[in-house]
Amino acid sequence: MGFKRKKRENEEGDEPKPAAVETEKKRKGMLPSIIKNKDKRAAVHAKLKQEKKLEKRKKVKARDAAEKRALELGEEPPARGVPKTIENTREEDETVCRPDDEELFAGNDVDEFSAVLKHGSNPKILITTCRFNSSRGPAFIKELLSVIPNSTYYKRGTYDLKKIIEYANKKEFTSLIVVHTNRREPDALLIIGLPSGPTAHFKLSKLVLRKDIKNHGNPTSHKPELVLNNFTTRLGHRIGRLIQSLFPQEPNFRGRRVVTFHNQRDFVFFRHHRYIFETKDVKQAEAKGKKTKDSKAATVTEAKPIARLQILTGFPILNTQECGPRFTLKLISLQHGTFDPRGGEFEWVHKPEMDTSRRRFFL
């Protein structure tokens with residue numbers, strides 16, 4: 001009986017069972033992270049990386065050969081694929097603003113910022129600090145005063161924020177900015193629209209003051225131009241209008257000042273620049289040196305590629321100089337009305353559960 005049982009098991013073992021085939025396939029397609037042995041895991045990872053590299057090289061060679069073949073035949077080369085990024089693969093959002101959204105434009109005419117943005121009143125900004133201020137906070141506020149025209153700084157003292165809001169309303173201020181500091185470093189901004197809100201709370205990070213920026217420029221007193229980038233959703237549109245209400249709507253282009261708020265992956269990057277158009281004409285070279293045609297040709301060939309292109313084409317070149325400060329904002333909450341943390345109604349609040357996907361953006 002025992003011999004027959006062993007013979008039967010040997011006959012059945014000649015052909016692998018379907019379960020064994022599946023496990024073997026799984027082992028072949030096993031992820032390196034599943035392997036517990038460090039040396040084996042590193043070897044499998046290196047092998048997979050090399051295979052991906054070879055496959056990518058083959059695709060590039062095939063694409064180049066197809067383009068070369070199309071050019072030889074006088075045909076259009078095949079279109080190149082668009083690389084995938086986090087921005088162009090973001091999750092679909094129903095709140096993205098569209099150019100034909102009549103409801104959005106109708107809301108702009110009656111929102112809290114319409115009085116300032118329709119030139120009904122000039123922006124008047126009050127800037128203050130938290131109760132326990134640090135030495136770096138006033139330095140940051142001093143640079144904010146040079147960035148935002150028609151802004152005034154008041155010491156906070158021991159006054160409650162609600163009393164400061166009442167005082168600002170009596171003095172006809174249109175916005176209130178509170179700079180919060182923690183461990184001697186500014187870490188938050190509170191922007192309150194007056195007289196009826198809204199209130200935006202931002203986390204402030206990566207602050208670089210003007211003195212720490214290499215080759216920085218000094219801003220003038222001209223009204224700056226404002227650039228807002230990538231505020232595409234309803235929430236982003238509202239934040240953009242809140243920021244826009246801080247600046248005058250009639251910039252002075254002679255000052256060549258630009259203030260930029262660039263939104264990327266819900267981080268708002270602030271930059272402050274001055275720009276200048278530089279032109280080098282051949283006539284200037286003739287007037288200065290009175291050189292011959294041969295010497296002028298030699299100077300053109302010896303010049304830098306950008307300057308040579310500029311002389312040949314005649315188009316001016318734009319040069320920028322950063323004036324500072326430089327910082328990054330992250331929206332924490334947006335509240336209806338003025339600041340009221342206990343009884344206020346919040347339009348939007350950031351929560352940790354919202355960060356489960358890298359491709360989900362709210363601004």
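**Cavities and a pocket**

The lining of the largest cavity is made up of 13 nonpolar residues, with no polar and no charged ones. Keep in mind as you look around that this is a predicted model. The space inside the largest cavity comes to about 110 Å³. To find it in your viewer, centre on Ile148, Leu189, Leu246, Phe261 and Phe327, which are the closest to its centre among the 13 lining residues. Helix H6 (136–147), strand S4 (185–193) and strand S10 (326–335) are the elements that give two or more residues to this lining.

A search of the whole structure turns up two cavities of 30 Å³ or more, so let's visit the other. The second largest cavity has a volume of about 40 Å³. Around it you will find Asp266, Lys330, Leu331, Trp348, His350, Phe362 and Leu363. By class, this lining holds four nonpolar, one polar and two charged residues.

Now for the open space. The largest pocket contains about 440 Å³, and 22 residues line it, with Arg156, Leu161, Leu190, Phe339 and Pro341 the closest to its centre. Its lining divides into ten nonpolar, five polar and seven charged residues.

Which elements each supply at least two residues of the pocket lining? They are helix H7 (161–170), strand S3 (175–182), S4, strand S5 (199–208) and S10. Strand S4 gives the most, with four residues.

Note on methods
Residues are numbered from 1 along each chain as its sequence is written. This is a predicted model: local features need pLDDT of at least 70, side-chain atom pairs count only at pLDDT 80 or more; totals for chains, interfaces and linings use all residues. Side-chain values use heavy atoms; hydrogens and water are left out. On a 1 Å grid over the protein atoms alone, a cavity is a set of points where a 1.4 Å probe fits but cannot get out, and a pocket is an open set with protein on both sides within 12 Å along at least five of seven lines; lining residues have an atom within 4 Å of a point. Grid points are joined across faces, edges and corners, and a volume is the space filled by probe spheres set on the points. Ala, Val, Leu, Ile, Met, Phe, Trp, Tyr, Cys and Pro count as nonpolar, Asp, Glu, Lys and Arg as charged, and the others, Gly among them, as polar.
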